[in-house]
Amino acid sequence: MEMIVNPPQALSRAKDVDLMQTPKIVARNVNVHYGDKHALKDVSVDIGEKSVTAFIGPSGCGKSTFLRCINRMNDTIPSAKVTGEILIDKDDIYDPSLDVVQLRARVGMVFQKPNPFPKSIFENVAYGPRIHGLAGSKTELEEIVHRSLKRAGLWEEVKDRLGDSGTGLSGGQQQRLCIARAIAVSPEIILMDEPCSALDPIATARIEELIDELRENFTIIIVTHSMQQAARVSQRTAFFHLGVLVEEGTTETIFTNPTERRTQDYITGRFG
Amino acid sequence: MTKAIIGSPETRLRDAVKRRIAARYRAEFRFRLYGMIAIALTALFLLIVLVDILLKGLPAFTVHQFRFDVPVVLADIDPAKAKDPEVLRGADYQALVRDALRSHFPEVKDRVGRRRLDGLISSGASDTLRHQVVADPSLVGKTLSIAALVSADAELYFKGTGTAIDRKPGASTISVSGQEGPVTLSTSGSDFSEWAKAYRQRYAKLGEKLDAEVPSLLVALNGGLVKVNEISAGNISGEVLLPLKSAGDAQAGAWQLVTYLTPESNRRVKDREVAWLEALRAKGIVERSFNWRFFTSGDSREAELAGIRGALVGSALTLLVTLLICLPLGVAAAIYLEEFAPKNRATELIEVNINNLAAVPSIVFGLLGLAVFLNFFGLPRSAPLVGGLVLALLVLPTIIIASRAALKAVPPSIKEAALGVGASHQQAVFHHVLPLAMPGILTGTIIGMAHALGETAPLLMIGMVAFIVAPATSVTDAATVLPVQIYLWSDLPEIGFQAKTAAAIIVLLIFLFVMNGAAIYLRKKFERRW
């Protein structure tokens with residue numbers, strides 16, 4: 001077997017294998033249709049708590065679709081139809097009685113392209129806590145903003161210009177601002193949809209470091225096109241192909257000893 | 001050798017390519033040329049229109065007035081009665097102004113002459129005097145310096161549409177038989193025969209008697225003016241228009257041959273009036289000033305008194321009603337259709353029909369307004385309320401389409417970001433999408449309002465085409481709007497209204513330019529790149 005990726009960090013995390021004892025997210029037979037297109041077929045997977053799970057696969061394989069099922073962002077697409085079952089802490093998130101706004105407060109999301117609101121840096125982070133009423137006073141809100149920016153590793157760079165527009169930051173800073181905005185509402189899960197695809201390598205490294213730190217407190221799912229990135233930051237990896245979850249396991253296993261031929265071909269760069 | 005090179009296949013290919021490139025450059029040059037010609041033609045036509053309107057309209061922004069010292073001695077009011085404002089208001093101030101004018105021409109005693117003299121001042125000339133005196137009754141008995149508006153004909157004369165005047169000093173001694181009435185003139189030289197010779201070439205019918213079909217000849221001598229009626233061999237007879245200070249001789253150079261070049265029958269201001277107006281001008285009584293009255297008075301049958309205030313107030317009230325209805329309705333409809341409406345056949349039908357409505361001729365909306373608002377709901381005719389409602393129908397599609405485009409232009413990532421932190425759909429729209437779309441919505445609204453400001457046809461249908469003197473004070477008063485006022489004035493036969501029409505067009509254009517400028521400014525100022 002030809003190995004082009006050698007993930008030393010993943011190897012060092014073999015101890016994390018037992019995190020699947022109490023899965024945070026349980027998906028069973030999830031199917032997604034966009035109109036006539038069957039985008040996701042019978043996906044069943046468990047995702048461990050306070051760990052990083054990477055979704056890899058070629059473009060159009062359904063990994064982003066599945067990610068968007070977890071905070072029900074697919075609801076905003078009128079033609080999308082989701083069937084199956086997704087449980088977060090044993091609660092069915094597609095239960096009609098569940099409030100989707102509550103769900104999205106528990107499941108934060110960071111998008112592919114940095115998308116700060118065209119408002120001040122402070123307002124960007126404060127918006128979530130404000131609409132959820134998380135802060136009782138102005139000082140409390142400032143405290144939340146301060147803490148979130150600090151955890152996103154952005155505080156030192158922006159502390160003197162919180163009133164400046166968020167869109168005036170560099171791409172990497174904008175993405176960290178978006179992460180700060182996501183963690184400001186204290187979610188349990190953070191979904192990241194190719195968060196580094198629009199960033200340069202240095203900004204990417206900062207984000208990856210940050211993901212590694214955030215793992216302490218949050219369950220993170222990251223969709224990525226970069227296998228190196230998956231290897232660097234994740235403990236478990238799921239490989240999607242043509243709407244099917246081909247294989248899921250520890251990152252180490254997936255990268256060194258995949259059971260499926262397709263996984264091996266993709267990882268070694270034979271297609272995709 | 002040369003032949004071999006030319007004939008080689010590669011060379012031929014290269015030549016063919018060169019020719020094609022040359023042809024391509026020529027085609028591109030031609031296309032650019034056509035473009036430039038099109039732009040130049042458009043600019044030329046635009047320039048012609050603007051220059052024409054400006055030339056016609058700008059004179060209407062100035063006005064001529066006679067500066068008189070008027071003693072406020074009201075015949076029917078003694079100072080004791082002057083306390084009563086009703087009496088003061090009803091007094092005949094026009095007579096005071098008339099008397100002031102007559103005092104400059106005491107020789108005019110005949111009825112026809114007096115009436116012609118009175119015709120030089122506007123029927124509204126005493127308005128300011130009346131206001132002054134009513135406001136301050138203590139002025140009764142004092143002498144006031146007032147500016148009396150000249151009549152429409154006199155106004156046109158001062159603006160140069162009367163006649164050109166040619167003055168030539170007399171070369172010989174002239175003597176005159178009297179100071180007033182019909183007189184005979186005699187001269188030692190050939191001034192008159194030379195004059196007759198010069199004009200006989202141009203006017204074949206110029207005989208011994210000078211009539212209204214040929215240029216008028218006058219003689220200015222001894223401080224007065226004589227109009228020549230007949231030039232025969234030994235006899236030059238005429239009539240005194242302005243009395244002479246003395247009869248007797250005037251030396252060469254001390255008198256003038258004056259010619260009013262436009263024949264009397266071709267102008268509204270006759271020789272006698274020209275003489276009076278020129279005399280007043282020479283005395284320094286004629287003042288030229290900015291025509292504030294054009295903006296402060298309502299419509300009038302007298303051209304010199306007519307103003308656009310009524311139309312401006314009517315337009316403002318109508319647009320206010322339109323805006324109040326259009327902006328909330330249009331924006332709400334756009335937000336619902338763009339963000340919340342289920343995408344099904346019914347919404348599609350509504351969308352298609354909104355686009356169709358934007359293309360419906362405006363007169364149809366006028367008919368609709370007539371049938372629904374006037375006949376069915378019984379709202380008052382000619383009122384800004386109904387005009388505003390009709391224009392709101394007209395502008396709504398424009399605003400909805402512009403607002404939807406503005407909402408659509410906000411990148412979905414902003415909405416997703418808001419949804420991602422747990423905002424509800426409505427919060428995402430109202431907190432993030434709508435504020436970002438607002439500049440676009442406002443731009444569309446302003447352009448829609450500018451469209452409504454210039455709209456005439458539907459307002460004709462609901463009766464806003466009335467002759468309204470007093471500006472409307474509420475949205476249910478009868479009123480007219482600026483474009484309808486232009487339409488009304490353009491229809492009037494009096495020459496004085498031509499300049500008023502053009503001036504009102506200038507005002508309308510300025511408003512449209514300002515509104516469109518505001519739209520462009522908003523767009524530039526709040527433009528965002530993502």
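1. In strand E7 of chain B, Lys227(B) is the bridge partner of Leu218(B), and Lys227(B) also stands opposite Glu239(B) in E8(B). Strands here are DSSP runs of E of at least two residues, and helices runs of H or I of at least four, numbered from the N terminus; two strands pair if DSSP finds at least two bridges between them.

2. This is a predicted model, in which local features need pLDDT of at least 70 and side-chain atom pairs count only at pLDDT 80 or more, while totals for chains, interfaces and linings use all residues. Residues are numbered from 1 along each chain as its sequence is written, and chains are lettered from A and ligands numbered from 1 in the order in which they are written.

3. E7(B) (residues 224–231) is joined by four bridges to E6(B) (residues 216–221), antiparallel, and by six bridges, also antiparallel, to E8(B) (residues 236–242). Two residues separate E6(B) and E7(B) in a hairpin, where Asn222(B) in the turn has a positive phi of about 50°.

4. Because six of its eight residues are buried, E7(B) is largely enclosed by the rest of the structure; buried requires 20 or more other C-beta atoms within 10 Å of the residue's own, with C-beta atoms placed from the backbone.

5. The contact between the chains takes 20 residues from chain A and 15 residues from chain B, counting residues whose C-beta atoms, placed from the backbone, lie within 7 Å. On the side of chain B that touches chain A, H15(B) gives the most, with six residues.

Note on methods. Two residues are in contact if their C-beta atoms, placed from the backbone, lie within 7 Å. A residue is buried if 20 or more other C-beta atoms lie within 10 Å of its own, exposed if 12 or fewer, and partly exposed in between; C-beta atoms are placed from the backbone.
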